[in-house]
Amino acid sequence: MKIAQKSIKTYLFALLALLSLTLQAKEPANSHDAGEVDTKEEVKDYIVHHLKDSHDFHLFSYTSDGQRKHVGFPLPVIVWSSEGLVTFMSSEFHHDDNGHVIVEKGGLKFTKIHSKIYELEEGAAEVAFDADHHATNAHKVLDLSITKSVFGVLLVGLLMFLGFSSLAKQYKKKQVPTGFGRVLEPLVLYVRDEIARPNIGEKHYRRFTGYLLTVFFFIWILNLLGLTPLGFNVTGQLAVTACLAIFTLIIYTASGNKDYWGHVLWMPGVPVFVKPVLAIIELAGHFLIKPFSLLVRLFANISAGHIVVMSLIAIMFTLKSELTVVGATGLSLVLSFFITLIEVLVAFLQAYIFTMLSALFIGMAVEEHDHH
Amino acid sequence: METLLNDFSPGLFIVQTILLLGLIFLLVKFAWKPILTSLNEREEGIQNALDAAENAKKEMENLNADNERLLKEARAERETMLKEAREMKDKIISDATEEANAKAGKLIEQAQAAIETEKKAAMAELKTHVASLSIDIAEKVVKGELSDKKKQLALVDSMIGDATLN
């Protein structure tokens, strides 16, 4: 069984490597829009572009024979258009991100502008833009594509499933896990004993530990993945953090006991005329402030981290003329090295804070008050 | 704010929701539940083992205390037994001595008494023997003396002489 699992992992990595290599040859090198990154504006655009989700997995680019070549692999595009579900590979956009390339599928025309897929209106041959660079004859479609972020989520999900189900299997045979399980076990214990148990309480913590463990490792691994040169930015996507925050909201709303709702809606021990005011504040806290604090904190911290690291790397180009090539590169390396170290810490810290606060909110909802 | 909202992708939100639900479900079923159950079992096992060890230690201590007490009692009992035996020995010895002394005294007394009576008897016998012997002698002497008339007269004379002297 173990051997089988190992070979599955090896195959997976081999497949990934092979995919990126083979697709390098397939990828037509006829895109010119994303040229070299050199000036401050280009750096800024590059960073903004990186922070967004993308429809293909781009590893790196280089210029050869005066042409810009991209190495990576395309991901499937799945959109819910006016005619229903439409799928095609993102390679059909040929790395265009400004609405120049139109893809025709099932009688509908699609184009990609700033990482968003637009469906052109009937009869339009190409996208027309207004003064603010908004498309006037195309509208956004519900984009269910396997984007880079979705790919990251799938990858992390797969890794988590393989890692933790193998740990679970180890317990069937022995009391103390060996190998990688020995690394995972203290982490699981940490989440259970330092996050779930103290915040939710001895009586109820078992019901929620599964969710907290999933969320903790999900965020942590994705944060760390964001620091690799693969260029993931999953936990810096508002949709992802919002989804996580809403999961927590649903859980603590559903598990809130009578005591909790009593305190939210009709606070005991205060004068009657204060009670409705407090109820409004408590309800706002329950449905808006708590989830927003979760989703904005994670999103902002991770985005900020990515912006800072990339800006520091960009010192190499932006301060080239002032500090000479060697000086700018040295400064950039030193600064980005230390910031990356801090980001490794932040990756853990944000996962911890998100899980901790989720546990705290759940704990508040299930807490049993002494009756005074 | 507008850019943020523009960047928010509803499609990604939907996909992420589905994937996260699936992930939570799969992990809870295949990983967290078995892991947490085994961890709890293991912890309970460790706790039980510790409790058992603690109990065994306590029992051991109790046993030791019991042993100590028994030993002390046994020692005390031996002491008293030895003391009693010694007393008894002394008493037996002294009794025996006294009795022996008394017996010896009695024997001596009896012996002395026997010696005395034997002595008396011997004396009496001696006396009678001496008396009879003296009578025999006197008889023989008297016989010899009185066989001759002169002699009888001389005797009477001497006796009359003695009597006048008195």
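**View 1. Arg297(A) within helix 8 of the predicted model.** In this predicted model, Arg297(A) lies in helix 8 of chain A, which spans residues 275-318. Arg297(A) is classed as partly exposed because 16 other C-beta atoms lie within 10 Å of its own, whereas a buried residue would need 20 or more and an exposed one 12 or fewer. His286(A) is eleven residues apart from Arg297(A) along the chain, and the C-alpha atoms of these two residues are separated by 17 Å.

**View 2. The open antiparallel sheet of chain A.** Four strands of chain A, arranged in the order 5-6-7-8, make up an open sheet with antiparallel pairing. Strand 5 (103-105) and strand 8 (138-140) of chain A each have a single partner strand and stand at the edges, so one side of each is left without a neighbour in the sheet. From one strand to the next, the twist averages 35°.

**View 3. The pairing of strands 6 and 7 of chain A.** Strand 6 of chain A (residues 108-113) pairs with strand 7 of chain A (residues 116-120) over four bridges, in the antiparallel sense. Across this pairing, Thr111(A) stands opposite Tyr118(A), a residue of strand 7 of chain A.

**View 4. The contact between the two assigned domains of chain A.** The domain assignment divides chain A into domain 1 (2-40 + 64-145) and domain 2 (150-366). Six residues from domain 1 of chain A and five residues from domain 2 of chain A take part in the contact. On the side of domain 1 of chain A that touches domain 2 of chain A, there are two nonpolar, one polar and three charged residues.

Technical notes. Residues numbered from 1 in each chain as written. Chains lettered and ligands numbered in written order. Predicted model: local features only at pLDDT ≥ 70, side-chain atom pairs only at ≥ 80, totals over all residues. Pairing = 2+ DSSP bridges. Helix = DSSP H or I, 4+ residues; strand = E, 2+ residues; numbered from the N terminus. Axes fitted to C-alpha atoms, helices over the stretch in contact; angles between N-to-C directions. Domains from an automatic or database assignment. Contact = placed C-beta atoms within 7 Å. Nonpolar A, V, L, I, M, F, W, Y, C, P; charged D, E, K, R; others polar.
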